[in-house]
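Here is a short briefing on charged side chains and how they pair. Look at the structure first, then read the points below.

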Amino acid sequence: QMESALAERDAKFRGIYESNMVPVAFWDLDGRITNANDAYLTLTGFSRAEFDEGKLSCGELTPPDQLHLDKQAIQEAITRGVCTPYEKHYVRRDGRRVPVLIGGGMLPGIPDRGVVFAIDLTERERAEEALRQSEERYRNVVETQTELICRNLPDTTLTFVNDAYCRYFGKPREQLIGMKFLELIPEPVRPAV
């Protein structure tokens with residue numbers, strides 16, 4: 001039963017590796033990439049021929065300012081068997097930096113060999129940048145309006161006010177945020193709550 005379970009586990013892992021759905025590589029404690037699937041090679045920009053010549057190592061793929069992240073992950077993998085997934089950059093063969101999420105650990109029963117899974121985060125970074133730019137454009141439009149613009153909670157507590165709002169009430173933003181909108185209305189015309 002144990003042999004059958006191990007064979008099944010190995011077949012599942014081999015299927016993941018060979019499917020190229022996820023970039024996967026094997027490494028040794030010297031930082032050499034000892035094997036990699038095509039998805040990993042595509043991510044890093046290296047050809048199979050260059051890999052076969054032994055030109056691929058963890059140190060070459062990692063920017064110098066992030067090497068400490070790999071060292072921490074390797075130490076954690078040696079100690080715990082796996083490392084906590086972390087974000088870093090790979091430096092592709094063409095010199096371009098690619099943001100990646102790295103996870104992995106030691107291979108069971110092989111104390112000096114590990115496996116790494118890398119997920120390309122380029123699209124996520126592009127989406128975050130597009131969102132940041134959109135928010136900046138929105139903020140610029142709202143801040144340059146001459147109309148009073150605010151956002152408040154159901155109890156009328158202000159959570160945002162634009163510059164025109166601050167000028168109209170003669171108060172700095174820091175003072176207005178957190179106030180209840182109704183407190184700004186003079187008592188004689190304030191609605192009863």
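A salt bridge is a side-chain nitrogen of Lys or Arg within 4 Å of a carboxyl oxygen of Asp or Glu. Side chains of opposite charge can pair when their charged atoms come close. This is a predicted model, in which local features need pLDDT of at least 70, side-chain atom pairs count only at pLDDT 80 or more, and totals for chains, interfaces and linings use all residues. Residues are numbered from 1 along each chain as its sequence is written, and side-chain values use heavy atoms, leaving out hydrogens and water. The structure holds 15 salt bridges.

**Arg124 and Glu87**
- Arg124 and Glu87 form a salt bridge, 2.8 Å from N to O.
- Arg124 lies in helix H6 (residues 122-144) and Glu87 in strand E3, so the pair ties together parts 37 residues apart in sequence.
- Helices (H or I, at least four residues) and strands (E, at least two) are DSSP runs, numbered from the N terminus.
- A salt-bridge network links Glu87, Arg124 and Glu128.

**Arg93 and Glu50**
- The side chains of Arg93 and Glu50 meet in a salt bridge of 2.3 Å, N to O.
- Arg93 sits in the loop between strands E3 (82-91) and E4 (97-107), and Glu50 in helix H3 (residues 48-52), 43 residues apart.

**Buried or partly exposed**
- Buried means under 20% relative accessible area, exposed over 50%, and partly exposed in between (1.4 Å probe, protein chains only).
- Glu50 is buried at 12%.
- Arg124 is partly exposed at 34%, and Glu87 is partly exposed at 43%.
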